[in-house]
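Please read the following report with the structure open beside the text.

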Amino acid sequence: MSQGLPAGNTCIVGAGASGITTAQVLAERGLPFDCFEMGSEIGGNWRYDNDNGVSSAYRSLHINTSRQAMQYAAYPMPESLPDYPSHWQIAAYFDDFVDHFGLRDRITFRTEVTRVLPLDGGGFDVTIRSRDGGEPETRRYDHVVVANGHHWDPRWPEPSFPGAEDFPGEQVHAHYYRTPDVLEGKRVVVLGIGNSAADIAVESSRVARETWLSMRRGAHVIPKYVFGMPTDHLTDSPVARTHHKVQQASMATMLRVAVGKMTDYGLPEPDHRILDAHPTVSSDLLVRLGHGDLGVKPSIERFEGSEVVFTDGSRVEADVVVYCTGYKVSFPFLDEAVVAPSDNRVALYRRVVDPEHPGLFFVGLIQPLGSVMPLAEAQAHWVADLLAGEVTLPDRAEMHAQIAAYDDTLRKRYVASKRHTIQVDAHQYLAELARERKRRRS
């Protein structure tokens, strides 16, 4: 293993949606970098059957924010694309983005970052390994940008349900779901009420013998279109961008008029206001419920043989249980002594900067009410400012105070859940980053 080889000033881990926008911004600013990607192509989670082995895209996947809300400012999506493109169209857009900016030759494909080690005197030793063989190699960098995504390490129910180990059917996490043929003719239970759960339950309802959608709590289900327009076009007014209560009230009124109450469809009454939890976006789920093509159950309590028993005491025979229980935030290349996510919480200043390890940045480690891509692009611009020495950071005490305030805001604003540990409001967060970019060095 070689040590301390000359390398670009910054190492970017991953060439998915967050990695490629970071590469574009650094290249535009003339800042040297190396970008390493485990797979043979760019796109990360949006590359269906990505040979990096960690994509969770299923065959029917489409984006659930409109293309205008998802696109990079530096390279808008073509107007020829539909309002809600498929994963194939998004992957093609990413390809066009990389080729337009001449970035493909700047990315080292089929190469895994296996370790990032902070050094006492500053900088990092980064160990990489080619997936085509050869010895691991260690290079030294001044900075590391972690852009490996957070929808790739599936989180199973914790603890597992009693009797699950003796269930004779199949138990699968949504991460491994690809096509509905595995559900055809089966009795299916889908656990969850997020976007993946809604999509999979809808697909199952078309081919399965019967489908049950099981959930711990109710949710507000938002259609993709209202009054013939993508919903986020109607709820993203200039006033709503700056006033959460206005956005919340307008969304609640619009949904009541457009779709009625969730209980009208057999769903439980949500125990929270709209936008106090990450919304479920689906135009098909309520229709399938209204048709009686799938049923609703509370959370699973236990398994008894081939039966799934729910918390209300009801039970159904099942052949397949699909767990749509989210993902763990994890960084296999970072020792727990460096960064140890606790219940998906990572202590980062403005969701980007590690106060304890200067030069270690995270791009895309957010869950917005909206799309990650434009926010990751804004994060990359701030990181570039920091790398170029044009702006400064507050001292560690102030950074930790902001992190504590952020955590407190999450507890007050959102439903307690591991999925809300990295939540941000898109417009408020963009304003925060804009203020950081004004913190110019004197």
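Helix 1 and helix 9 (residues 372-387) cross in a right-handed sense, where right-handed means that the near helix is turned clockwise from the far one by less than a right angle, and left-handed that it is turned anticlockwise. This is a predicted model, in which local features need pLDDT of at least 70 and side-chain atom pairs count only at pLDDT 80 or more, while totals for chains, interfaces and linings use all residues. Residues are numbered from 1 along each chain as its sequence is written, and side-chain values use heavy atoms, with hydrogens and water left out.

The axes of helix 1 and helix 9 come within 9 Å and cross at roughly 40°, which makes the two helices oblique to each other. Contact (heavy atoms within 4.5 Å) involves several residues of helix 1, among them Ala17, Thr21 and Leu26, and several of helix 9, including Met373, Ala380 and Leu387. By class, this contact has nine nonpolar, four polar and two charged residues.

Helix 1 (residues 17-28) also packs against helix 3 (residues 87-100). What is the handedness of the crossing of helix 1 and helix 3? That crossing is left-handed. The angle of about 20° makes the pair roughly parallel, a term used for angles under 35 degrees, whereas over 145 counts as roughly antiparallel, 65 to 115 as roughly perpendicular and the rest as oblique. Ala17, Ile20, Thr21 and Gln24 in helix 1 meet Phe94, Phe97 and Val98 in helix 3.

| Helix pair | Angle | Axis distance |
|---|---|---|
| Helix 1 and helix 3 | about 20° | 10 Å apart |
| Helix 1 and helix 9 | roughly 40° | within 9 Å |

Both helix 1 and helix 9 also lie across strands. Helix 1 lies across strand 2, strand 3 and strand 8, running at about 155° to strand 2, while helix 9 lies across strand 2, strand 8 and strand 21, at about 165° to strand 21. These strands belong to an open sheet of five strands in the order 4-3-2-8-21, with parallel pairing, where two strands pair if DSSP finds at least two bridges between them. Strand 4 and strand 21 stand at the edges, each with a single partner strand, so one side of each has no neighbour in the sheet. Strand 2 and strand 3 are joined by four bridges, and Ile12 has Cys35 of strand 3 as its bridge partner.

Elsewhere, strand 20 has both faces covered, with Val320 and Val322 on one side and Val321 and Tyr323 on the other, all buried (under 20% relative accessible area, with exposed over 50% and partly exposed in between, using a 1.4 Å probe and protein chains only). In a regular strand the side chains alternate between the two faces of the sheet.

Conventions. Axes are lines fitted to C-alpha atoms, for helices over the stretch in contact, and angles run from 0 to 180 degrees between N-to-C directions. Ala, Val, Leu, Ile, Met, Phe, Trp, Tyr, Cys and Pro count as nonpolar, Asp, Glu, Lys and Arg as charged, and the others, Gly among them, as polar.
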